[in-house]
Number of protein chains: 2
Amino acid sequence: MKGTELPTTAARIIAVDTYDIRFPTSRELDGSDAMNIAPDYSAAYLVLRTSAGGQDGHGFTFTIGRGNDVQVAAIASLREHIIGRPVAELCADPGSLYRDLIGDSQLRWLGPEKGVMHMAIGAVMNAVWDLAAKRQGKPLWLLLADADPAWLVAQVDFRYIADALTPEEALELLTKGRQGADERAADLRRRGYPAYTTTPGWLGYSDQKLTRLAKQAVADGFTQIKLKVGADRADDIRRCRTAREAIGPDIRLAIDANQRWNVAEAIEWTGALAEFEPYWIEEPTSPDDVLGHAAIRRGVQPVKVATGEHVQNRIIFKQLLQADAIDILQLDSARVGGVNENLAILLLAAKFGVPVCPHAGGVGLCELVQHLSMFDYVALSGTTEDRTIEFVDHLHQHFRNPVVISDGHYRAPGEPGFSATMHQAAIDTFTYPGGAFWAADLAEPKREECL
Amino acid sequence: MKGTELPTTAARIIAVDTYDIRFPTSRELDGSDAMNIAPDYSAAYLVLRTSAGGQDGHGFTFTIGRGNDVQVAAIASLREHIIGRPVAELCADPGSLYRDLIGDSQLRWLGPEKGVMHMAIGAVMNAVWDLAAKRQGKPLWLLLADADPAWLVAQVDFRYIADALTPEEALELLTKGRQGADERAADLRRRGYPAYTTTPGWLGYSDQKLTRLAKQAVADGFTQIKLKVGADRADDIRRCRTAREAIGPDIRLAIDANQRWNVAEAIEWTGALAEFEPYWIEEPTSPDDVLGHAAIRRGVQPVKVATGEHVQNRIIFKQLLQADAIDILQLDSARVGGVNENLAILLLAAKFGVPVCPHAGGVGLCELVQHLSMFDYVALSGTTEDRTIEFVDHLHQHFRNPVVISDGHYRAPGEPGFSATMHQAAIDTFTYPGGAFWAADLAEPKREECL
């Protein structure tokens with residue numbers, strides 16, 4: 001440390017740099033499903049710059065293209081809450097910022113706790129936890145697993161969920177979760193955390209490509225794959241048959257309708273695919289429809305019902321659990337209010353005994369969410385039984401610490417932080433519309449324009 | 001018509017002008033409640049300009065200050081769906097644009113159908129209906145009341161609500177609603193539509209001001225007033241007593257907690273105010289908590305439960321009705337996807353027999369929502385029994401056709417349109433941060449800075 005520098009404890013947040021990063025994934029039909037026809041996987045990305053220099057916090061939320069600029073504007077609108085905060089205090093209690101952000105009496109009108117503003121809060125909080133983990137020199141999963149249970153409870157906002165989970169119950173769950181945590185951490189470092197893959201199942205793929213990728217998935221050690229359904233029933237029957245033939249009877253086959261159906265349609269359509277023994281039906285209808293999911297669950301048993309990637313906050317998750325509406329809870333690292341709200345959601349799932357199988361894919365969602373599941377295994381639920389994290393093999397190369405998958409498992413990250421940091425070259429290339437890729441692409445005369 | 005002009009039928013939308021308009025209401029504590037401490041009432045406002053000239057569509061959504069810029073950015077992100085649309089086609093079927101906006105496969109990731117993006121869609125659709133009503137030379141309520149029931153049904157998106165309301169049921173409700181519509185329209189023009197007032201009840205007001213304004217409300221012909229509660233229980237008991245003494249036993253006293261409570265707290269706190277015979281408890285908890293509202297309703301009877309100003313879409317309203325969670329449905333003109341989605345919500349309320357008492361106040365919400373209730377009376381529910389529209393006497397002077405209240409009733413608007421058009425002078429003065437008011441205000445040295 002040079003003599004002229006301030007001591008680290010006095011470091012403050014001095015800038016919140018934002019980036020509109022978009023990848024042209026729609027050109028390959030990677031990521032296409034019944035509702036999301038042609039996504040350009042994007043990140044509304046931010047960097048918390050500190051006066052300490054060097055050590056920054058990186059975070060983002062995921063979108064699928066248009067509107068990523070609105071998402072970035074929402075992150076920028078939070079700046080005044082962040083700039084000037086002492087880094088040490090912020091990292092010692094991320095919940096203090098979280099409470100200020102969700103409690104901003106003017107901004108909460110735009111939600112509350114949902115949609116663009118809430119995803120912006122999630123992106124910021126993810127960056128704060130990245131910074132906190134880097135400062136502790138630990139991967140985030142280990143920071144959380146090592147943390148004092150009472151401190152973790154204080155990171156959670158119990159408003160609107162106390163009828164299902166009290167702070168006292170949360171403390172009890174976390175205290176119990178610490179028993180045997182060291183052994184599980186060692187096991188996690190040895191085995192990794194189970195993954196399943198969506199790579200074979202996109203709607204835009206041919207049956208040949210589906211068969212090839214499904215067989216490859218089994219060869220790679222995955223014990224579950226997932227297929228997108230819901231656009232055309234005859235196609236779905238053929239594709240489910242194709243997939244089941246490729247993977248055999250012992251590999252789990254999940255199906256995902258991406259909110260395509262009404263309640264009755266969901267029950268009927270899932271029934272038409274029952275002969276292929278789907279393990280779960282994912283997002284059968286609107287993520288807002290708690291009672292609809294409960295009706296669907298009653299109507300499709302023994303097929304399990306899964307949802308979560310679009311569930312806006314802990315309050316909807318609470319009700320999905322209270323109403324016995326889901327068998328599988330699919331939290332998302334960047335949809336809700338960041339790590340703080342995902343702690344609440346993991347605690348709710350543990351209280352109700354419902355397995356968490358996170359949504360991932362997109363841009364960097366695998367990188368983030370692995371930390372949450374690994375913490376859950378080591379220091380909360382204590383098990384990986386019937387638990388698996390989605391894996392999609394897209395865009396990992398743009399991250400400094402990409403996920404590592406081997407034998408169908410996520411390897412436990414060892415690098416400090418939340419694995420959220422992108423390479424500067426990726427940012428420079430794919431920033432929209434001024435980055436090198438887009439500037440060249442947008443300058444190019446388009447086919448339509450030439451005709 | 002001049003020879004060089006295009007025929008009106010060829011007119012197109014040529015621009016979507018957007019404005020960030022903010023009024024400095026926080027300086028008077030008008031509008032303060034337990035959650036919204038110091039709102040600066042704002043409008044994310046747009047004008048659809050047409051190549052016909054003269055006849056434009058005006059619309060907006062309401063916010064309470066910070067973040068209004070994000071809301072404006074969201075409206076602007078919808079431009080590419082709107083520019084170039086033929087005006088006649090758009091006005092003949094606003095639902096065509098509505099379906100395109102909520103169906104944009106990339107933008108829906110940012111909701112779906114909730115928060116900032118959905119409010120932006122609502123603002124745009126409100127502007128389209130304003131334009132359509134102006135072109136027909138009718139106030140919007142009359143356009144809707146005169147419309148063919150089958151055409152109205154086609155304006156509704158039944159996705160995610162068909163388990164509670166089918167298109168066939170909607171058609172039946174609207175067809176039945178037409179019986180006696182002419183007599184009710186005449187009655188409406190004569191009597192107006194019942195209003196209640198929130199003017200006396202803001203948290204920031206002294207007991208003397210509360211008493212004076214409550215007595216004034218009764219003298220002005222209102223049969224219901226509303227008090228904000230939820231910040232301090234002893235204060236609430238004193239203020240409810242003060243209000244009840246001022247208005248006597250026969251005037252309804254509604255109370256409004258603005259989402260302040262958990263479920264158990266809501267039941268207990270409302271119980272502590274029961275001796276003052278509140279007519280309804282409004283927003284006792286999170287607007288997302290369907291099951292919570294149902295539990296609260298069971299716990300506070302005979303006090304009625306009301307909510308809606310923050311309910312994000314028809315899917316949550318559907319569940320509030322399915323779960324017997326509310327006695328009063330408080331739709332908002334600018335929270336959901338505009339007139340099209342509010343038609344769905346009015347139909348759901350009619351199906352379940354729950355009275356609609358809209359949220360209003362803010363900037364221009366009274367101006368808009370009166371049209372929806374008046375349509376409901378004339379051509380859907382057919383009654384004003386136990387129905388009343390909120391009225392707050394703020395900021396009406398900035399609108400070209402402000403609401404007219406007499407003897408506790410909204411007078412039926414006669415001017416063509418949706419009453420959404422603001423005076424250009426108001427726009428020029430209160431646009432943030434460049435309008436005349438804000439430019440002067442922001443240039444002024446602040447107290448803190450001088451000390």
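Let me start with one residue, B:P402. Setting aside its neighbours within four places in sequence, B:P402 is in contact with B:E367, B:H396 and B:Q397. Where does B:P402 sit? It is found in the loop of chain B between strand 10 (389–391) and strand 11 (405–406). B:P402 is partly exposed, since 16 other C-beta atoms lie within 10 Å. One more distance here. B:S419 is 17 residues away along the chain, and its C-alpha atom is 7.0 Å from that of B:P402.

A word of caution before we go on. This is a predicted model.

Now the pair of chains. How are chain A and chain B related? A rotation of 180°, with 0.0 Å of shift along its axis, superposes chain A on chain B. The RMSD is 0.0 Å. The two copies are thus related as by a two-fold rotation axis. Which C-alpha of chain A is nearest that axis? It belongs to A:G115, and the distance is 2.3 Å.

Next, the contact between the chains. 51 residues of chain A are in contact with 51 residues of chain B. Several helices of chain A each supply at least two residues to the side that touches chain B. They are helix 1 (68–76), helix 5 (115–136), helix 12 (263–272), helix 13 (290–300) and helix 14 (314–322). Helix 1 of chain A gives the most, with five residues. What kinds of residue make up this side of chain A? There are 23 nonpolar, 20 polar and eight charged residues. And the two sides correspond. 100% of the interface residues of chain A are also interface residues in chain B, so the copies meet through the same surface.

On to a sheet in chain A. It is open, it has three strands, and the order is 1-2-3. The pairing is antiparallel. In general, strands of a sheet pair through backbone hydrogen bonds, either parallel or antiparallel. Which strands stand at the edges in chain A? Strand 1 (13–22) and strand 3 (57–63) do. Each has a single partner strand, so one side of each is left without a neighbour in the sheet. Neighbouring strands are turned by 15° against each other on average, direction ignored.

Look at strand 2 of chain A, residues 42–50. Seven bridges join strand 2 to strand 3 of chain A. Within that pairing, A:L46 has A:G59 of strand 3 as its bridge partner. What packs on this sheet? Helix 5 of chain A does, touching strand 2 and strand 3 of chain A. The direction of helix 5 makes about 150° with that of strand 3.

Chain B has an open sheet of three strands too, in the order 1-2-3, with antiparallel pairing. Strand 1 (13–22) and strand 3 (57–63) of chain B are the edge strands, each pairing on one side only. Seven bridges join strand 2 of chain B to strand 3 of chain B. Here the bridge partner of B:A43 is B:F62 in strand 3. Helix 1 of chain B, residues 68–76, packs on this sheet. It touches strand 1, strand 2 and strand 3 of chain B. Its direction makes about 175° with that of strand 1.

Let me stay with chain B for helix 5, residues 115–136. This helix has 22 residues. It reaches 32 Å from its first C-alpha to its last, close to the 32 Å expected at 1.5 Å a residue. Is helix 5 of chain B mostly buried or exposed? 21 of its 22 residues are buried, so it is largely enclosed by the rest of the structure. B:G137 follows the helix, with a positive phi near 70°.

Now some backbone details. B:E113 is in the loop between helix 4 (94–103) and helix 5 of chain B. Its phi is positive, about 55°, although B:E113 is not a glycine. B:E113 counts as buried, because it has 24 C-beta neighbours inside 10 Å. B:N258 also has a positive phi, near 45°. B:N258 lies between strand 6 (252–256) and helix 12 (263–272) of chain B, in the loop. It is partly exposed, with 19 other C-beta atoms within 10 Å.

Last, two cis peptide bonds in chain A. One runs from A:Q301 to A:P302, with omega near 10°. A:P302 lies in the loop between helix 13 and strand 8 (304–307). Another runs from A:Y432 to A:P433, with omega near -5°. A:P433 lies in the loop between helix 17 (424–430) and helix 18 (436–443).

Conventions: Residues are numbered from 1 along each chain as its sequence is written. Chains are lettered from A and ligands numbered from 1 in the order in which they are written. This is a predicted model: local features need pLDDT of at least 70, side-chain atom pairs count only at pLDDT 80 or more; totals for chains, interfaces and linings use all residues. Two residues are in contact if their C-beta atoms, placed from the backbone, lie within 7 Å. Helices (H or I, at least four residues) and strands (E, at least two) are DSSP runs, numbered from the N terminus. Ala, Val, Leu, Ile, Met, Phe, Trp, Tyr, Cys and Pro count as nonpolar, Asp, Glu, Lys and Arg as charged, and the others, Gly among them, as polar. Two strands pair if DSSP finds at least two bridges between them. Axes are lines fitted to C-alpha atoms, for helices over the stretch in contact, and angles run from 0 to 180 degrees between N-to-C directions. The expected span of a helix is 1.5 Å times one less than its number of residues. A residue is buried if 20 or more other C-beta atoms lie within 10 Å of its own, exposed if 12 or fewer, and partly exposed in between; C-beta atoms are placed from the backbone. Copies are superposed by least squares on the C-alpha atoms of residues with pLDDT of at least 70 in both.
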